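Hi,

Here is the structure I promised to pass on. Have a look at it first, and my notes follow below.

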Amino acid sequence: MASLQFWKPGTVGPGSNLDRATETEENVVSSAPISSALSLQAARERLPIFKHRQKLLYAVENHGVVILVGQTGSGKTTQLPQFLYEAGWAAEGNRIACTQPRRVAATSVASRVAAEVGTTLGDEVGYTIRFEDVSDKERTRILYMTDGMLFRETLIDPLLSRYSVIMIDEAHERSIYTDLLLGVLKKIRRKRPSLRLIVSSATLDAAAFLEYFLSGNSPDEATIVSLEGRAYPVEVAYLEEPVPDYVQKAAEVVWGIHLQQTPGDILVFLSGRDEIDRCLEILSELLPTLPRNAKRLQLLALHAGLTTDEQLRVFEHAERGWRKVIVATNIAEASVTIEGIKFVVDSGFVKIRTYNPTTAMSSLVTTPVSQASATQRAGRAGRTAPGVCYRLYTEQAFERLQPTTPPEITRTDLTTPILQLKSLGIDDLMKFEWVSSPPAESVLRALEGLVHAGMIGEDGRLTVIGEKVAECPVEVNIARMLFASKDYKCGEEILTIAAMTTIQDVFVIPEGAAGALAELERRKFTAEEGDHLTLLNAYNAFVRYGRSSSWCKAHALSFRAMSRAVSIRSQLKKYMQRFGLPLESCEGDAKRLRRCLVTGYWRNVARWTADGTYRAVRGDTVLHVHPHSVLFTRKPRSGWVIFHEMEETKKTQIRILTEIEPDWLLEHGHKFYDKHSGASVAAQ
DNA sequence: GAGCACTGC
């Protein structure tokens with residue numbers, strides 16, 4: 001059984017100043033009810049950031065870029081935009097923007113600040129996220145938004161002329177849009193020096209951001225301002241010896257903490273759903289051995305695959321005499337904040353998606369976390385009181401971890417980002433000042449793909465269709481399909497399919513017996529042609545039965561995902577109308593519809609083989625059908641399929657398949673060879 | 001016969 005004497009202690013985090021300000025957390029979804037603007041104002045002024053007010057305003061006044069180093073709880077996100085507002089930065093029709101990598105953060109912070117300012121949300125203080133614009137064109141002075149939204153705005157207003165100050169929050173997370181925005185903003189600053197930037201970041205990355213903005217500029221272009229945080233100290237304990245099975249060890253450690261009877265909830269970081277289930281299973285087998293007088297242990301899972309209701313359960317307070325243990329994926333590292341966590345158990349692993357430009361394949365692999373990640377995880381134990389973090393690896397192993405996680409831009413398909421940069425008039429990508437350069441191979445492959453798809457001409461400039469597709473918030477191949485629907489007279493259906501393929505986890509298949517029932521429900525939508533038409537059926541049924549959540553529940557569909565599909569569809573519909581693409585129905589002519597699908601997916605073709613797997617026509621890779629596919633159990637009659645995406649996990653899998661006829665590929669002028677017979681099966 | 005880390009437009 002777990003015994004904690006093997007641990008070697010150490011400490012991270014700030015000093016133990018327990019005389020703290022009243023809790024007024026930012027970025028917390030479940031915040032306390034708002035009593036009155038007056039008491040909020042009092043709470044506001046107790047925040048540590050108030051001591052730095054003059055220093056901050058001076059820095060913004062005198063430098064183009066301020067790198068702001070401050071921990072969660074310093075109040076930067078809620079207070080700094082207000083300081084700037086009060087200091088007159090939003091005068092004369094100017095706006096102050098603050099970007100967030102996530103939608104919930106943008107909305108929850110905006111509503112908090114609106115309350116502090118004493119205004120209705122959407123008036124002086126507002127937010128803009130995809131599908132929701134709660135702001136006023138004339139009156140909004142402080143605007144919270146997702147970084148993706150602000151990047152999109154640069155496509156319409158390349159100098160972002162409405163804004164006087166732009167604060168890029170959580171920049172250390174290095175989302176792809178954060179990186180693209182920083183690159184574009186550096187360029188904008190040269191053309192419009194009156195624009196001020198604030199880049200908010202964790203300590204580790206501040207120097208890199210400073211160096212980035214100073215490069216090629218005068219020394220007073222950028223400066224660093226540090227704020228003290230308000231987190232509590234977290235004691236860190238390492239294993240003395242590595243363990244072979246960290247899932248087993250995680251369960252043992254949780255059990256050990258629990259038996260010690262020190263109060264406080266436990267948060268465990270594992271890499272995925274499988275591990276979470278296994279860990280919870282081990283713990284539930286131990287439950288009967290719990291001494292009669294001991295506290296009870298409430299076991300909870302937290303990962304993105306759960307329904308909203310299931311996710312919300314982790315926020316409920318444990319009943320008297322119970323302790324919560326939440327076994328989570330990386331979702332609990334930054335996206336979801338749970339109050340009252342006193343113990344963190346960190347496996348030191350995370351699943352990371354990386355893109356290989358050479359094979360055009362992405363892979364999802366369990367990888368050791370970075371030191372920055374491990375520090376962030378540990379910090380989850382010290383939000384409301386001092387805490388302890390148990391790392392399931394040795395201190396030497398921690399020292400060997402890479403300092404930060406590689407930014408998303410270095411491990412993703414750049415097709416869409418590059419199309420958008422081109423649309424911004426950035427034609428020479430080699431001269432673009434990336435915060436972190438993506439691999440040259442990625443840039444080249446993306447350009448090559450864009451030329452193939454007809455988005456970029458031989459001169460390297462955007463084509464007419466390329467200009468339009470750059471505006472569309474979908475992947476390039478999907479956009480191509482939308483445009484081709486005009487020729488195949490199936491705009492209505494392709495629009496639905498485009499929306500459905502961009503959402504994830506449409507079908508909710510629970511564990512155990514309920515899962516088998518859900519599988520049967522799912523089959524009711526099955527189209528024999530494949531998954532694209534099955535998704536179309538599910539969408540049409542959802543709309544026909546009144547878009548109801550109870551209907552979704554009864555048919556194993558995610559109401560959240562389906563509602564999102566409705567929003568995406570109506571957004572894409574506006575683009576189609578703008579581009580003069582007709583919304584005709586194929587009137588049940590599935591063949592026409594499938595031929596249209598080929599216009600988008602002609603690079604994703606696979607051929608069935610006798611052992612039930614497929615071979616990629618490009619690259620000859622062995623491909624496994626994802627178990628959620630309606631073609632998982634069935635051979636396609638023609639033996640040929642197109643697929644939406646492929647991903648390497650333990651095996652290389654393809655998701656969302658549709659059967660096609662090989663000669664339809666002829667229309668795309670691409671040549672494929674049958675590797676076994678050597679015969680050209682489709683040639684121009 | 002078997003599986004999907006997390007975001008965002």
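Which hand does the crossing of α8 and α9 have? The crossing of α8 and α9 is right-handed (right-handed if the near helix is turned clockwise from the far one by less than a right angle, left-handed if anticlockwise).

Before the rest, some housekeeping. This is a predicted model, with local features needing pLDDT of at least 70 and side-chain atom pairs counted only at pLDDT 80 or more, while totals for chains, interfaces and linings use all residues. Residues are numbered from 1 along each chain as its sequence is written, chains are lettered from A and ligands numbered from 1 in the order in which they are written, and side-chain values use heavy atoms, with hydrogens and water left out. Helices (H or I, at least four residues) and strands (E, at least two) are DSSP runs, numbered from the N terminus.

**Helix pairs**

Back to α8 (residues 246-260) and α9 (residues 273-286): they pack at an angle of about 40 degrees, with axes 9 Å apart. Axes here are lines fitted to C-alpha atoms, for helices over the stretch in contact, and angles run from 0 to 180 degrees between N-to-C directions. That angle makes α8 oblique to α9 (under 35 degrees is roughly parallel, over 145 roughly antiparallel, 65 to 115 roughly perpendicular, and the rest oblique). On the α8 side, the residues in contact (heavy atoms within 4.5 Å) include Y246, V247 and W255, and on the α9 side they include E275, R278 and L286. By class, the contact of α8 with α9 has ten nonpolar, one polar and two charged residues (Ala, Val, Leu, Ile, Met, Phe, Trp, Tyr, Cys and Pro are nonpolar, Asp, Glu, Lys and Arg charged, and the others, Gly among them, polar).

Then there is α3 (residues 76-86) with α4 (residues 103-117): their axes come within 10 Å and cross at roughly 50 degrees, so α3 is oblique to α4. α3 passes α4 in a right-handed crossing. T77, T78, Q79, Q82 and Y85 of α3 meet V109, R112, V113, E116 and V117 of α4, and these residues divide into four nonpolar, four polar and two charged.

Further along, α19 (residues 531-544) and α22 (residues 590-601) pack at about 115 degrees, with their axes 11 Å apart. This crossing of α19 and α22 is right-handed too. H532, L533 and L536 of α19 touch A590, L593, R594, L597 and Y601 of α22, a set with six nonpolar, one polar and one charged residues.

**Two loop residues**

L227 sits in the loop between β9 (222-226) and β10 (234-239). L227 counts as buried because its relative accessibility is 9% (buried is under 20% relative accessible area, exposed over 50%, partly exposed in between, with a 1.4 Å probe and protein chains only). Leaving out residues up to four places away in sequence, L227 touches several others, among them I49, L68 and K76.

T337, in the loop between β13 (322-328) and β14 (341-346), is buried at 11%. Its side chain makes a polar contact of 3.1 Å with that of R380 (a pair of N or O atoms within 3.5 Å; within protein, one must be able to donate a hydrogen and the other to accept it, and residues adjacent in sequence count only if both atoms are side-chain atoms).

**Positive phi**

Most residues other than glycine have a negative phi. K489 has phi near 50 degrees, and I656 has phi near 60 degrees. K489 lies in the loop between α16 (476-488) and α17 (491-502) and is partly exposed at 43%. I656 is in strand β22 (residues 652-660) and is buried at 11%.

Cheers
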